[in-house]
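Here are a few notes to read alongside the model. Have the viewer open as you go through them.

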Amino acid sequence: MASIITITFSPCIDKSTSIPELIPEKKIRCAVPKLEPGGGGINVARAIQKLGGSAVAIFPSGGYTGKFFNHLMEKDNVPSVIIETGNETRENIIVLDDSTNNQYRFGMPGTRLTETEWQQCLQAVEAIKNAEFIIASGSLPPGVPLNIYAQLAKIAKNNHAKFIVDTSGEALQHAADEGVFMLKPNLGELSSLAGKTELQPDDIKDIARGMIAAGKCEVMAISMGAAGAMLVTRDMHAIIKPPPAERKSTVGAGDSMVGGIVFYLSQGKSLLEAVQYGVACGTAATMNTGTELCKKEDADRLYALIREGN
Ligand SMILES: Nc1ncnc2c1ncn2[C@@H]1O[C@H](COP(=O)(O)OP(=O)(O)OP(=O)(O)O)[C@@H](O)[C@H]1O
Ligand SMILES: [Mg+2]
């Protein structure tokens, strides 16, 4: 089995379309929809695949929509461990209004999992003994306990795997309290993790250092949207700015970034190179429309520019 695994408790089918104009009451003619499998860890595994690596995606899947979801994963050649569930996999809708270029993202509630189902997800992660990296990413659906990422952190420690978490709110808090290898919060997630309403740019490094000293993580990669990212470890910190790029849609930027970081780490690159590649991948994702993830050629070109100092 591959040495990277991702776990996603709330996968979804992302249905993207565009419309001439959003008008209430009238029938609106939509463009032919594009269907993609989505959800945090699903996207991270797909991004790694697009970059030339391989990650095993572990996820629950149920009903007819689940069967279709599995088919989409097969089409993308992502190795999958599927936990069959009783409830239907959810579908999200993303609509681009051509008249304004505004994008509307309608997210359906996560599919409820039973205790047996989420336990099976944990067991599937635990069973892959030689995983080098375990990535848990995304929101938690109803039925799943908020400390599930803390439970996974323990499994990762027992299996000697590096655990990377990209989530928000209480699920993130629990994971940090258990201690993980890497956290990838955005600025909003970091400020709520630190219990602050607002973060000053100068505070970010000290907050991250404090969390590292408290054992919440070994490495923090704080993503800052158009401003790039900050890498903080016990001994160093670096700000990585993205080169200029034409932005189309920021959907999938965070997941592409995590995919890029882990792909590079799995190749034995340094933390700085990995987060630089992550920024390149995140920015490469913003160059594509809708939910499309980064393209390897864009990511590699942006990475070369970052290495040159833009
Ligand atoms: N407007 C932008 N211009 C250039 N690069 C961007 C932009 N937005 C995001 N990125 C790139 O993507 C990376 C991750 O983006 P961001 O900080 O928005 O993550 P996020 O909030 O976790 O995103 P997501 O909504 O996908 O979860 C950034 O570090 C940066 O490299
Ligand atoms: Mg994110």
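A quick convention before the points: a crossing counts as right-handed if the near helix is turned clockwise from the far one by less than a right angle, and as left-handed if it is turned anticlockwise. Bear in mind, too, that this is a predicted model.

1. With that convention, α4 passes α5 in a right-handed crossing. Helix α4 covers residues 148-158 and α5 residues 169-178; they pack at an angle of about 30°, and their axes are 7 Å apart.

2. Which residues make the α4–α5 contact? From α4 come Y149, A150, A153, K154 and K157, and they meet A171, H174, A175 and E178 of α5. Sorted by class, that contact has five nonpolar, one polar and three charged residues.

3. Now look at helix α7, residues 204-213, where I204, I207, A208, M211 and I212 are buried. Viewed down the axis of α7, the buried residues fall within an arc of 135°, so they line one face of the helix.

4. Following α7 is G215, which has a positive phi, near 80°.

5. Strand β9 (residues 162-166) has four of its five residues buried, so it is largely enclosed by the rest of the structure. Its partner β8 (residues 133-137) runs parallel to β9, and five bridges join the two.

Note on methods
Residues are numbered from 1 along each chain as its sequence is written. Chains are lettered from A and ligands numbered from 1 in the order in which they are written. This is a predicted model: local features need pLDDT of at least 70, side-chain atom pairs count only at pLDDT 80 or more; totals for chains, interfaces and linings use all residues. Side-chain values use heavy atoms; hydrogens and water are left out. Buried means under 20% relative accessible area, exposed over 50%, partly exposed in between (1.4 Å probe, protein chains only). The arc is that of the directions from the helix axis to the C-beta atoms. Axes are lines fitted to C-alpha atoms, for helices over the stretch in contact, and angles run from 0 to 180 degrees between N-to-C directions. Contact means heavy atoms within 4.5 Å. Ala, Val, Leu, Ile, Met, Phe, Trp, Tyr, Cys and Pro count as nonpolar, Asp, Glu, Lys and Arg as charged, and the others, Gly among them, as polar. Two strands pair if DSSP finds at least two bridges between them.
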